[in-house]
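Please look over the model below before reading on.

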Amino acid sequence: MRLALREMRRRPGRFVVAVGMLTLLGVLLLLLGGLLDGLLTGSTGAVRAQRGELLVFSANSRNSFVRSQVSAGTRATVDGVSGVRSTSGLGVTLVGARVGGRTDFENAAVWGYEGGVRGVPAPPPDGQAWVDRRLEAAGARVGGTLRLGPSGVPVRIRGFVRDTSYLLQAGVWVSPAQWRRVTAEVRPDRILPPGTFQVLSVAVARGADPGRVASAIDRATRSGGEATTSTLTRQAAIDAIPGVKSQQGTFSFIINTTLLVAAVVVALFFALLTLERAALYGVLKAIGASSGQIVRGLFSQAVVVALIALLLAEVVALGLGAVIPREVPLLLLPGRASSTAISVLVAALLGSAISVRRIIRIDPATAIGGGA
């Protein structure tokens, strides 16, 4: 192993091509992962922030917030189900929002809520809002005004919250009454009766199983033999958000394919290197080196090549992240960097392992004589 690392110090040029290729693939992996994280975080933040373990939709809504309607009577039934600790109403309207005196619109999701949202204080007075920090980049400031919808319904920014976006639109959290006013201005066809919300967030009693409580809610709200509600766990509601599963599937396929390419690159590089070194390995075996020692040296070189490439890829990805426009939902997270590093190291080791069989089969006499 020491001999292998010494070779890398004395002849670094031999490994430049492999480092360069893995660096490019590492940058691609980090950016793809950052885009996936940005898309998922920006699409699901408002739902992930719910304290309730369950979300109750109307049965005909296809588990969509904007299509769902849960009446006051249904809510009373849900409140009486065993295992339900409390319920809180939720509603959302997607609007364009103008910051201060600006004329251009920013995307916003106006949430009417009764409480029970992590990181969001109690509902503010009518005419005020808690606003996601995504709008800070557009000039939003505490005490400033947001004008919602084409008619410009004004709300004053009471403070900022984090990670509460929905479908890549910044969360604007207002009282239920204020949300109904905004909806009446923006989408008069979606005005709900008093006491009706789009969704109920349900907190489950301590010790109760959320899955069983969800089934009990749907049984209790049946009418005429048909279900009137569709109760999902918080994670299932996240998966039901339009685009979430397809984004995960698409990006996971591309990321896994890129990792396969990385393994192939390392395999080809070390296969050629092993072919070049056949005589050298023959000499090492002739003086007493075992195949295991040579293989460990090969693996150590693969790990060093991968680590150098990953370090360079991190620097390049961070530099690109700093200049990419904010409209691109890129989010470079430490967790993603760690998982990418582990995946690239595994790919490098698997790729270099292709040469193990050839090393084991090298005969000292034949190799020194010029064959393999």
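**Charged pairs and overall form**

Q: At 28% relative accessibility, does glutamate 136 count as buried, partly exposed or exposed?
A: The model is predicted, with local features needing pLDDT of at least 70 and side-chain atom pairs pLDDT 80 or more, whereas totals for chains, interfaces and linings use all residues. Residues are numbered from 1 along each chain as its sequence is written, and side-chain values use heavy atoms, without hydrogens or water. Buried means under 20% relative accessible area and exposed over 50%, with partly exposed in between (1.4 Å probe, protein chains only). At 28%, glutamate 136 counts as partly exposed.

Q: Which side chain meets that of glutamate 136 in a salt bridge?
A: A salt bridge is a side-chain nitrogen of Lys or Arg within 4 Å of a carboxyl oxygen of Asp or Glu. Here the N to O distance is 2.9 Å.

Q: How many residues apart in sequence are the parts tied together by aspartate 37 and arginine 336?
A: The two side chains form a salt bridge at 2.8 Å, N to O. Aspartate 37 belongs to helix H2 (residues 16-48) and arginine 336 to helix H10 (residues 334-353), so the pair ties together parts whose separation in sequence is 299 residues.

Q: What is the relative accessible area of aspartate 189?
A: The side chain of aspartate 189 meets that of arginine 187 in a salt bridge of 2.9 Å, N to O. Arginine 187 counts as partly exposed at 33% relative accessibility. Aspartate 189 is exposed, with a value of 55%.

Q: How many helices and strands does the chain have?
A: Helices (H or I, at least four residues) and strands (E, at least two) are DSSP runs, numbered from the N terminus. The secondary structure comes to twelve helices and nine strands.

Q: What is the radius of gyration of the chain?
A: Along its principal axes, the C-alpha trace spans about 90 × 55 × 30 Å. The radius is taken over C-alpha atoms, and the globule rule is 2.2 Å times the number of residues to the power 0.38. A compact globule of 372 residues would have a radius near 21 Å, but the chain has 29 Å.
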